[in-house]
Amino acid sequence: MPSAPPVSGAWQGGSPLHADWQPAPGGRPGPADSAEAWSGRPGPVGPEAAGHGHPSGATGRPTGDGAVPHAAPGAATADARPTGRASRRSGTDEPPASGNRRAARRSRTADPAEAATGHPADADPGEGRSGQPGGRRRSRGPGPAGAAAGALADQPAERANPRTGNPEPPAPGGRRTARRSRAADPAGAVAAGSGGGRGSRRAGGGAGASGARGQRRGRRVVKGVGLCAGIVACGVFVLRAGEARGGIADRTAAPAAAADAPDPGRVLQIVAHPDDDLYFMNPDLRYSIAAGHPVTTVYLTAGEADGINATEGKQASTPPNKPAYAEARQNGIRAAYAKMATGDRSSAWKRTVIPTKGGGHAEVDVLVAKPEVNLIWLQLREAGTVYDSAPDSLHGLWDGKISALGAQLSSGTPVKQRFSYSKEQVVQTVAGILEQYKPTTVRAQDPTPGRSPDKRYTDHQDHFYGARFAQAALAAYAKDVTPANRPHFAVQNYLGYSNGSLPSALDPDEAKAKLDILDTYAWLDRQNHCGSDAGCGDLKVADHPAGNGWTSTVNYARGTGTSWLTSDKEHGLWAFKVLDGQVAVWHRSGPIGAWSGPRLLPGTGMDPGISTVTLPDGRIAAFGTRTSFGARPTDYRREVGYVVQKGPGTEEFGDWQSLGTPEAADENWTSDISAPAVSVDGTGQLAAYVRDGASTLRGRVQLANGTWGPWTQYGGADLHGTPVTATDGAGRRMVFAATAKSVLGWTQPKPGAPLGPATPTGLPDTTLPLTAEGREGGVRLWFRKPGSGNVRTALLTGDGGLKVNHLTDLGGLQGFGSVAASGHVLAGRSAGGQLGSDLGSGRPWERSPLMFVGAPSSTTTGRNTVSLAVVGLDARLYVTSSADDANAHLAPWLPVGPRNTGR
């Protein structure tokens with residue numbers, strides 16, 4: 001879709017390969033003194049047998065006779081019949097997937113209103129099961145189109161959020177407003193949520209969600225997700241909402257906004273090896289497939305390792321065969337995707353060979369029963385070692401140690417032509433795939449994973465150099481294809497091996513579902529269901545399909561902050577997210593004004609994750625990090641920067657200012673810094689903090705004359721994720737960061753003073769993402785309980801030293817990731833990938849239909865209204881609001897701007 005003109009006044013950097021921000025006034029923005037003490041990170045994890053680095057493998061099956069929905073004209077294909085049936089490790093029948101035929105029949109025959117809201121069609125259209133507003137759908141939208149796989153060549157405790165003040169009058173957005181909106185808009189609105197598992201609360205920091213009873217409720221809710229997901233996949237939802245949903249000035253509803261059936265979004269994943277997606281991107285991958293989103297995964301290397309496809313006890317007696325092992329791993333991947341999409345691991349695939357923009361050839365596999373599921377195999381050679389030097393690899397190609405990297409073709413691939421790629425040809429090959437598939441969400445691995453204290457990489461070198469190739473390809477795609485000819489896209493990065501040393505983020509049910517997919521990939525039963533002499537899976541991982549605890553967790557490497565939505569003194573809303581490698585800005589003027597955006601601030605190379613802060617004069621400042629590649633491989637750099645409004649309420653922003661980086665060179669710690677956490681203390685002093693590559697806290701403070709001090713070392717050790725910061729009732733700044741076992745805190749002794757030393761909080765371990773907000777005289781934290789998905793909260797105060805008050809469990813919907821918290825509203829990802837929300841003490845958690853990228857964000861607008869926003873998998877902003885009253889609910893979601901479909 002065409003993009004609005006860029007906001008004036010931002011920095012005029014060109015390509016991320018060469019452009020630089022303006023240095024911020026004050027101390028040198030470059031790295032801190034290299035003589036400073038560094039604290040170590042945990043060592044790398046993951047098996048290294050036979051130089052394999054991590055479990056990998058693939059079982060692919062030759063495909064049936066049906067036509068290839070997306071094959072290029074004249075492309076060569078390889079066909080075969082399935083020879084076996086799916087079976088579980090135990091030998092019993094596999095359960096059907098969430099998108100099975102029975103669920104599909106229900107979604108086709110159910111009343112649209114009931115399908116959209118989960119309530120009977122004859123129910124009060126303004127009421128849901130829990131008294132929530134529901135929307136009656138009147139029409140069905142088109143189903144999602146499968147991604148085209150044509151030629152890729154370039155052809156042209158107190159509750160966590162206690163009420164803190166006296167009762168205030170409710171704002172508009174209640175049931176009456178919802179009914180008026182539906183009356184004005186006969187197409188109806190999407191229900192913002194339906195009853196979910198209940199997270200009980202008790203005052204005074206008592207026990208949180210009750211055990212078995214809450215779990216049973218959660219399971220009943222999860223059973224309904226398949227139906228909701230199927231409906232979303234068919235494009236049935238029609239989003240309608242009046243601009244007055246977030247109003248606070250009066251109880252008069254604005255006219256309902258015209259809306260259309262949302263594009264379901266197209267997901268494209270780029271990984272180094274077969275199985276990286278299963279270990280490090282699931283359950284997001286499974287959620288997307290179950291919801292019917294078009295999903296394409298690109299595998300950069302063949303994953304051939306040493307060519308031995310055997311369990312540990314038989315590796316010595318098994319001769320190496322790299323083409324066959326690469327084929328077995330592909331077979332395992334095809335079986336895993338078929339099981340996720342259809343419930344049958346032997347479901348047929350069509351295998352096709354196509355030319356690439358880089359001058360080589362790739363294999364494209366299309367799942368015949370679900371043609372929106374595609375696999376693309378570039379089949380380049382892998383490094384064969386996690387850390388050691390391997391010039392003939394993506395790492396060596398990136399660093400210029402070799403001029404071209406050759407292919408390792410699998411034994412069963414329809415690709416027969418030998419080829420090799422230069423560094424630029426790899427970039428152009430991936431960019432060509434992006435041009436063909438036009439994704440709205442791109443998933444990639446972590447390009448800056450860091451090093452352990454012994455200086456070994458904490459992730460496989462193929463993983464993060466593959467992610468750097470993905471970064472370069474995305475930059476080329478965004479630069480060469482104008483927004484008029486492609487949709488906007490968002491990026492999500494995932495941690496790799498380091499997950500194994502961190503607390504488990506998934507509850508037991510989700511972890512088991514993830515392990516089941518790996519069991520399929522590992523070919524545990526040895527039945528020849530794929531009809532291939534190479535084998536139907538990766539036996540290297542059969543002894544330990546869970547890897548190093550990887551199936552019990554998932555973590556985002558970037559984009560976990562929840563402060564990207566903010567409000568101004570006129571009760572307007574501002575949202576800041578990264579689209580197309582640039583900061584996108586959406587704005588709603590006043591409490592009931594029209595939304596505008598997305599508008600892209602000039603300046604490319606922005607990383608996912610923006611933090612905002614309101615300055616004492618009312619202007620909004622947005623902080624983030626930017627990656628630049630430079631002319632030489634050693635010039636790869638990630639730096640912190642910020643941009644400030646030219647005046648309160650104006651849509652014009654000044655130039656980007658660089659704060660540099662505390663990292664001296666990419667070689668030291670792979671440029672592993674976090675996104676910045678920012679806050680203003682009681683004196684008006686602005687500060688930004690990051691976790692550095694040595695897992696310690698660093699920060700820069702703005703001085704009274706507007707210049708910035710140097711990067712300061714604040715200590716701590718074993719820090720992970722992104723720190724958070726907020727100001728308490730006395731105006732003192734507090735900073736918190738998660739470790740693998742607890743949370744560390746820093747606090748100012750008084751406003752304007754330097755931060756005190758790192759202090760243990762005594763909090764239990766968390767699943768890394770933290771959210772902080774100043775309230776109740778202190779700073780309240782929200783985080784997830786490991787192995788559960790439940791949300792927890794605690795109030796931290798600074799009088800007489802840092803103290804924890806009333807750790808409380810708030811329940812949840814078995815989700816993971818960051819939790820947005822403002823006023824009476826909590827929101828975060830639930831099991832199934834949809835947004836879960838909690839609107840007050842004693843209320844059940846609710847599930848909204850939207851799936852989204854990164855973290856949600858919320859902000860208080862006016863006296864008692866909370867606005868909540870997510871960016872969907874279609875890279876489109878969605879907003880809702882809730883008034884804090886006895887009947888609090890989320891208003892129907894409002895999509896901002898036109899559909900993000902491109903051309």
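Reply: Rings of Phe, Tyr and Trp count as a pair if their centres lie within 6.5 Å. In this predicted model, such ring pairs link Tyr279, Phe280, Tyr497 and Trp550 into a cluster. The structure holds 21 aromatic pairs.

Me: Why is the pair of Tyr494 and Tyr556 called edge-to-face?

Reply: The ring centres of Tyr494 and Tyr556 are 5.3 Å apart, and their planes stand at 80 degrees. The limit for a pair is 6.5 Å, and planes over 60 degrees apart count as edge-to-face. The pair is therefore edge-to-face. Tyr494 lies in strand 14 and Tyr556 in the loop between helix 12 and strand 15, so the pair ties together parts that are 62 residues apart in sequence.

Me: Are these two residues, Tyr494 and Tyr556, buried or exposed?

Reply: The cut-off for buried is under 20% relative accessible area. Tyr494 has 2% and is therefore buried. Tyr556 has 12% and is therefore buried as well.

Me: What makes the contact of Asp275 with Arg329 a salt bridge?

Reply: The closest N and O atoms of Asp275 and Arg329 are 3.5 Å apart, and the definition asks for a side-chain nitrogen of Lys or Arg within 4 Å of a carboxyl oxygen of Asp or Glu. The pair is accordingly a salt bridge. Asp275 lies in the loop between strand 6 and helix 6, and Arg329 in helix 8, so the pair ties together parts that are 54 residues apart in sequence. Both Asp275 and Arg329 are buried.

Me: Why is the pair of Lys357 and Glu435 said to tie together parts of the chain?

Reply: The closest N and O atoms of this salt bridge, between Lys357 and Glu435, are 2.6 Å apart. Lys357 lies in the loop between strand 8 and strand 9, whereas Glu435 lies in helix 10, so the pair ties together parts that are 78 residues apart in sequence. Glu435 counts as buried because its relative accessibility is 17%, against a cut-off of under 20%.

Me: Which residues are linked in a network of salt bridges?

Reply: The network links Glu327, Arg334, Arg351, Glu363 and Asp365. Within it, the side chains of Arg334 and Glu363 meet at 3.5 Å, N to O. This pair links helix 8, which holds Arg334, to strand 9, which holds Glu363.

Me: How do you know that strand 24 is largely enclosed by the rest of the structure?

Reply: Six of the six residues of strand 24 are buried, so the strand is largely enclosed. Leu686, Ala688 and Val690 point one way, while Ala687, Tyr689 and Arg691 point the other way.

Me: What makes strand 24 a partner of strand 23 and of strand 25?

Reply: Two strands pair if there are at least two bridges between them. Four bridges join strand 23 to strand 24, and five join strand 24 to strand 25. In both cases the strands run antiparallel. Ala677 stands opposite Tyr689, and Arg691 stands opposite Leu697.

Me: How do you know that the charged end of Lys423 sits over the ring of Trp398?

Reply: The charged end of Lys423 is 4.0 Å from the ring centre of Trp398, and the distance limit is 6 Å, together with a limit of 35 degrees from the ring normal. Lys577 lies over the face of Trp564, at 4.9 Å from the ring centre.

Methods
Residues numbered from 1 in each chain as written. Predicted model: local features only at pLDDT ≥ 70, side-chain atom pairs only at ≥ 80, totals over all residues. Heavy atoms only, no water. Helix = DSSP H or I, 4+ residues; strand = E, 2+ residues; numbered from the N terminus. Buried < 20%, exposed > 50% of the residue type's maximum accessible area, 1.4 Å probe, protein only. Phe/Tyr/Trp six-rings, centres within 6.5 Å; stacked < 30°, edge-to-face > 60°.
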